[in-house]
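User: Could you take a close look at one part of this model for me, and explain in plain terms how a charged residue there is placed and paired?

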Amino acid sequence: MIGPMFVTVERTPDGVRLLDQRRLPAEEVYVTLRTAGEVAEAIRDMVVRGAPAIGVTAAFAVALAATEAERAGADVVREVEAAGATLVAARPTAVNLAWAVERMRKAAAQHPGPALAAVLEAEAARIRDEDLAACRAMGRHGAALIGDGNTVLTHCNAGGLATAGYGTALGVIRAAVEEGKRVRVLADETRPFLQGARLTAWELMKDGIDVSLITDNMAGSFLHGGEIDLVVVGADRIARNGDVANKIGTYSVAVLAKENGVPFYVAAPRSTIDLACPHGDAIPIEERDAAEVTAPFGHAIAPAGVQVRNPAFDVTPARYVTAIVTEAGIARPPYDASLAALFSREGDQA
């Protein structure tokens with residue numbers, strides 16, 4: 001069975017331990033955060049990134065706040081609320097963050113009493129375990145979309161580094177390879193933070209999966225030349241109508257795929273689907289520091305003082321999305337009906 005040879009996030013006796021993704025691929029360095037505030041800062045600074053991974057990390061941070069409050073004899077419920085508010089404010093686009101914090105709040109409300117910290121630690125562990133299981137199930141569903149000998153284009157990183165393990169888009173690719181299919185991957189570098197160059201290429205090389213790195217502006221040429229059979233990306237939030245917020249540049253890839261008759265698939269757990277959000281225009285888009293564009297990783301490449309726009313995400317309209325792969329199955333247009341059905345089968349709500 002193929003799977004990441006690293007741990008993205010874990011709860012330890014000392015705090016919340018994260019693989020520092022800013023240091024990859026040059027170094028595999030782990031950091032331990034001892035307060036929810038430190039975890040929120042790490043999320044904001046992209047020590048950890050990827051919607052599902054951020055959700056799991058936030059759940060562990062809320063549990064950490066509860067346990068530390070209990071040890072100090074403080075009001076656990078109050079500390080949980082404060083930690084949750086701090087964490088949700090760290091990054092607004094990825095709905096998994098708010099989803100995980102709300103789930104922890106509900107667990108706290110349902111189990112008041114002296115054992116609350118233990119309840120929340122167990123709930124956070126369940127959120128992690130469910131994410132791992134969801135990624136595996138997503139991979140099984142999505143693998144059917146990949147044919148033997150296919151070349152897949154990816155954008156950003158939607159692998160084990162973006163989840164509790166295994167991945168969403170990369171989970172689909174991993175599952176296809178596990179089935180014995182020959183799969184080649186073209187990974188967009190994904191400017192300005194280079195998640196494709198630094199993270200996706202690193203993950204797939206560790207697994208021995210055939211991967212070639214391309215710059216973002218090469219994708220259209222390869223699509224037009226018939227070298228790409230399908231596109232698979234992850235998501236940070238999916239609106240009720242099927243509009244998808246994902247890393248900046250995803251929209252361009254989707255349009256190019258549509259123009260060239262190449263299917264464009266999105267792989268994401270149900271926790272990324274926001275049925276309360278009617279369409280993509282209602283999704284908040286995070287704007288990040290200009291230095292990520294003008295001086296990536298500390299190396300100045302632009303004139304000092306130049307004005308910069310740096311939205312972290314864009315929204316791909318549902319009309320460009322061929323299908324959305326989840327752990328509960330594959331949704332196809334019209335998405336208003338098919339996405340809701342993924343929850344109504346089990347009586348869940350997004």
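Analyst: With a relative accessibility of 32%, R240 counts as partly exposed, because that class lies between buried, under 20% relative accessible area, and exposed, over 50% (1.4 Å probe, protein chains only). R240 forms a salt bridge with D336, and their closest N and O atoms are 4.0 Å apart; the term salt bridge stands for a side-chain nitrogen of Lys or Arg within 4 Å of a carboxyl oxygen of Asp or Glu. This pair links distant parts of the chain, since R240 sits in the loop between β8 (237-239) and β9 (244-247), while D336, 96 residues apart from it, belongs to helix α11 (residues 335-344). Helices (H or I, at least four residues) and strands (E, at least two) are DSSP runs, numbered from the N terminus. D336 is likewise partly exposed, with a relative accessible area of 45%.

This is a predicted model, in which local features need pLDDT of at least 70 and side-chain atom pairs count only at pLDDT 80 or more, whereas totals for chains, interfaces and linings use all residues. Residues are numbered from 1 along each chain as its sequence is written, and side-chain values use heavy atoms, with hydrogens and water left out.

For another setting, consider D207 and R174, which form a salt bridge with the closest N and O atoms 2.5 Å apart. D207 in helix α7 (residues 195-207) and R174 in helix α6 (residues 169-178) are 33 residues apart, and both residues are buried. Across the whole structure, a search finds 24 salt bridges.
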